[in-house]
Amino acid sequence: MTAAPFDPHSLPPLRDVIARFGLGARKALGQNFLLDLNLTGRIARSAGLTEGMSVVEVGPGPGGLTRALLASPAREVVAIERDSRFVEALQDVVQAAEGRLRIVEADALEVDPAALTEAPRAIVANLPYNVATPLLIGWLKRIEDYVSLTLMFQKEVADRLVAQPGSKAYGRLSVITQWRAETRVLFNLPPRAFTPPPKVDSTVVHLTPRAAPEPADWADLEAVTAAAFGQRRKMLRQSLKPLGNAEALLAEVGIAPTARAEEVPVAGFAALARAVRASRA
């Protein structure tokens, strides 16, 4: 069934909503509001949402992106909001959405989005920056539950997500993310796009489940990357010693013992994770 048309401009301006409900941004919750409906519309369109798809949004705030998501062909939008002030403020949007919007008052770190929606599903969110990375890690563990993740991060974090071996930004987060997902940067947004403006640029990133990720156990890969990048200036034969016979592990997977963590591609770390698992068997 085709979703009912929704006009993001049919509701009161977002600044009026903020004033009416006294919705000042709370720094402790990492709140920076995106009020330009042209920008929220761009984010929603870049997610590639289709009919029949469920969309999860985290931290809707006054509802700028929420409105844009409702204007997409998606079947429903489920918005997870920790701040009760916005749950009340979003009720006008709930009513206008005619059954296509549900607000879940909860901490997104404690909620499984897949349990709230039916497949196929996607996550589209302007993430609170103070919890963006742990949220992403949690979703990556079960990324096969999603068609895609379209997420906004601090630019510095986004750079790490897509960084390639040999670059300064390449690290644990790069390896874990690229192991599980095809990851690409869509576009950047300057601080002035937000209210209040953050001190950093922001970047929208699109992630889709990798069809055939390198075989590896999550815990083993985390242990290997933690050891390797925990002492990234040291050669791997030194930094991997806590995991066992580092030289033997490296020889087994064909990585030079003098290599450093930032030189090893994702496939190399996955091979090391398998070697560590085998060595403990």
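I count a residue as buried when its relative accessible area is under 20%. The model I am reading is predicted.

**Entry: strand β5.** I looked up burial along residues 121-126 first. Six of the six residues of β5 are buried, so the strand is largely enclosed by the rest of the structure. I then checked each face. Arg121, Ile123 and Ala125 are buried on one side. Ala122, Val124 and Asn126 are buried on the other.

**Entry: partners of β5.** Which strands pair with β5? Strand β2, residues 54-58, runs parallel to β5 and is joined to it by three bridges. There I found Val56 bridged to Ile123. Strand β6, residues 148-154, is also parallel to β5, with five bridges. Val124 has Thr150 as its bridge partner in β6.

**Entry: the whole sheet.** I read the strand order as β4-β3-β2-β5-β6-β9-β7. The sheet is open, has seven strands and is mixed in its pairing. β4 (101-105) and β7 (181-189) each have a single partner strand, so one side of each lacks a neighbour in the sheet. On average, neighbouring strands are turned by 20° against each other, direction ignored. At the β4 end, I noted five bridges between β4 and β3 (residues 76-81), in the parallel sense. Glu81 is bridged to Glu105 there.

**Entry: helices on the sheet.** Helix α2, residues 37-46, packs on the sheet and touches β5, β6, β7 and β9. I get about 165° between the directions of α2 and β7. Helix α8, residues 155-162, lies across β6, β7 and β9. Its angle to β6 is about 130°.

Definitions and conventions:
Residues are numbered from 1 along each chain as its sequence is written. This is a predicted model: local features need pLDDT of at least 70, side-chain atom pairs count only at pLDDT 80 or more; totals for chains, interfaces and linings use all residues. Side-chain values use heavy atoms; hydrogens and water are left out. Buried means under 20% relative accessible area, exposed over 50%, partly exposed in between (1.4 Å probe, protein chains only). Helices (H or I, at least four residues) and strands (E, at least two) are DSSP runs, numbered from the N terminus. Two strands pair if DSSP finds at least two bridges between them. Axes are lines fitted to C-alpha atoms, for helices over the stretch in contact, and angles run from 0 to 180 degrees between N-to-C directions. Contact means heavy atoms within 4.5 Å.
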